Amino acid sequence: MIQIIDTGVANIRSLQASFDRLGQPWKLTVDPEEIRSGIHVVLPGVGAFAAAARKLDEFNLREPLIQRIEADRATLCICLGMQLLCAGSDESPDTKGLAIISQHVSRFGVDVQIPQLGWNEVTPQQPNGPFELGLAYFANSFRLVEPPDDWGFAETEYGGVFISSIWRGRILACQFHPELSAAWGQTLLEDWINMS
Amino acid sequence: MLKSRIIPCLDVNAGRVVKGVKFQNLRDAGDPVELSDHYQQQGADEIVLLDVSATREDRIAMLETIESVRKRLTIPLTVGGGVGSVEDARRLLGAGADKVSTNTAAVRDPELINRMSANFGAQCTVIAIDARRHEPGVWGVVTRSGTKAEPLNAIDWAAETQARGAGEILLTSFDRDGTRSGYDLELLVAVTQATRLPVIASGGANSVDHMVEAFQHGAHAVLAASIFHEGNYTVAQVKQELAIRGIEVRQ
């Protein structure tokens, strides 16, 4: 059973539909124990950094999330979910992220359309990563610029290079939406489930 | 580099595609689920469903249609037509839309844009603008499917929607819609220069040349209906030609 964290601010129907197509049962949860110990947990996220962080506080989900990631239990963080792993974001300067990585999230520069909406190339920078080079669907105004130490990562170009995915052990975080990234994204989700 | 997007658009009423769709290789060319999937398999980058419901019953049928389309689509789905409130948008997102487009209601109540963006994020909030040319370089805004002229300048309105939290503009030239004479390129340039939002060009396309022109004049995506529905081109064929012409597309 895949536990999808229900932060209430994300539109997760397309994610649920993806798991349905893969024949993988899922449930929505805000239960700290399920999130601490579940075999597969997904932290989705669409919307504002502060609103999502508030939801994690409201349901006491920060510690369970940090513990499961430290214990290398399979965790997939999508879009804002990836940004929540960071220390903080320009989007909400007074709000703390999970600080699992020390990096900070910043807004795209002035020479590109914001939000980035559409398909862009994701290029893994290490061999044997969780996915091959491919085209993914993005919908974001903020992004990570520096890769964290000791994590694998992929890069994407949008007004300069940014970090479009990071991974370590069974932890995978994607700035893009695998559930909206056609066959390539479905394969990524399937591989993440099977890997762990 | 971000790819230029090709977005087929389906007009849907009571669970059926209502504009003429001529396909021989589909069992049912009027079924929005089959047709969306068909375009997805051809390489469409997104699908837009436009709800042209006449009745409340039709509108409920639309939610079921969105749910069925969502089950099949692994690409983004935008739904527009008759979205009047945050609650309307929530229902469409809950049924499986990824983005919601609003038009008349946003003109009537611009604060709706702020509320939609605050609730669902800018990336969910698409503002459809139907622009009508008054004189060279000046466009007004029309609503209610073009029947009502609004006291708004289309370029100023586009900038205001950005300030209020819109994430994308679906820009239709009322003058060109259905004429097959190509997109209104001056309008496209004016709007893309007045905002930093992604802009989807709509209205008037009848050829790949028209799409090339739109991308060369600042469009980030093109919406097209009849060019695909009539079966003259597949999405894949359009993309192959665009790539030959130097437009970066997902293939």
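1. Trp119(A) and Tyr137(A) are both buried. This point and the others below refer to a predicted model.

2. How many aromatic pairs are there over all chains? The count comes to ten. One of them joins Trp119(A) and Tyr137(A) in an edge-to-face arrangement, with 5.9 Å centre to centre and 70° between the planes. Trp119(A) belongs to strand β7 (residues 116-124) of chain A and Tyr137(A) to strand β8 (residues 134-140) of chain A, so this pair ties together parts that are 18 residues apart in sequence.

3. A further pair involves Phe131(A) and Trp184(A): because the ring centres are 5.5 Å apart and the planes stand at 70°, the pair is edge-to-face. Phe131(A) is in the loop between β7 and β8 of chain A, whereas Trp184(A) is in helix α6 (residues 182-195) of chain A, so the pair ties together parts that are 53 residues apart in sequence.

4. Are Phe131(A) and Trp184(A) buried or exposed? Phe131(A) has 7% relative accessibility and therefore counts as buried. Trp184(A) has 19% relative accessibility; the threshold for burial is under 20%, so Trp184(A) also counts as buried.

5. Phe131(A) and Trp184(A) also belong to one aromatic cluster, together with Phe108(A), Phe138(A), Tyr158(A), Phe162(A), Trp167(A) and Phe176(A).

6. Trp119(A) has a contact with chain B as well. Arg250(B) lies over the face of Trp119(A), at 3.8 Å from the ring centre.

7. The largest pocket holds about 1100 Å³ of space. It is lined by 41 residues, of which Asp11(B), Leu50(B), Asp130(B), Ser145(B) and Asp177(B) are the closest to its centre. The elements of chain B that each supply at least two lining residues are β1 (5-13), β3 (47-51), β5 (99-102), α4 (104-108), β6 (125-135), β9 (168-173), β11 (221-224) and α9 (226-229). By residue class, the lining of the largest pocket divides into 14 nonpolar, 18 polar and nine charged residues.

8. For the second largest pocket, the volume is about 810 Å³. Its lining comprises 41 residues, and those closest to the pocket centre are Gly47(A), Phe120(B), Gly121(B), Ala122(B) and Gln123(B). At least two lining residues come from each of α5 (80-83) and β8 of chain A, and from each of α3 (86-95), α5 (111-120) and α6 (154-163) of chain B. Which element gives the most to this lining? It is α5(B), with four residues. The lining of the second largest pocket has 20 nonpolar, 16 polar and five charged residues.

9. Chain B contains ten helices and eleven strands. For 251 residues, a compact globule would have a radius of gyration near 18 Å, and the 17 Å of chain B agrees with this. Along the principal axes, the C-alpha atoms of chain B fill a box of roughly 45 × 45 × 35 Å. Of the 251 residues in chain B, 58% are buried.

10. Within chain B, Leu77(B) is part of strand β4 (residues 77-80). Leu77(B) has 0% relative accessibility and so counts as buried. From Leu77(B) to Glu186(B), the separation is 109 residues in sequence and 28 Å in space, C-alpha to C-alpha.

Key
Residues are numbered from 1 along each chain as its sequence is written. Chains are lettered from A and ligands numbered from 1 in the order in which they are written. This is a predicted model: local features need pLDDT of at least 70, side-chain atom pairs count only at pLDDT 80 or more; totals for chains, interfaces and linings use all residues. Side-chain values use heavy atoms; hydrogens and water are left out. Rings of Phe, Tyr and Trp (its six-membered ring) pair if their centres lie within 6.5 Å; planes under 30 degrees apart count as stacked, over 60 as edge-to-face and the rest as tilted. Buried means under 20% relative accessible area, exposed over 50%, partly exposed in between (1.4 Å probe, protein chains only). A charge sits over a ring if NZ of Lys or CZ of Arg is within 6 Å of the ring centre and within 35 degrees of the ring normal. On a 1 Å grid over the protein atoms alone, a cavity is a set of points where a 1.4 Å probe fits but cannot get out, and a pocket is an open set with protein on both sides within 12 Å along at least five of seven lines; lining residues have an atom within 4 Å of a point. Grid points are joined across faces, edges and corners, and a volume is the space filled by probe spheres set on the points. Ala, Val, Leu, Ile, Met, Phe, Trp, Tyr, Cys and Pro count as nonpolar, Asp, Glu, Lys and Arg as charged, and the others, Gly among them, as polar. The radius of gyration is taken over C-alpha atoms; the globule rule is 2.2 Å times the number of residues to the power 0.38.
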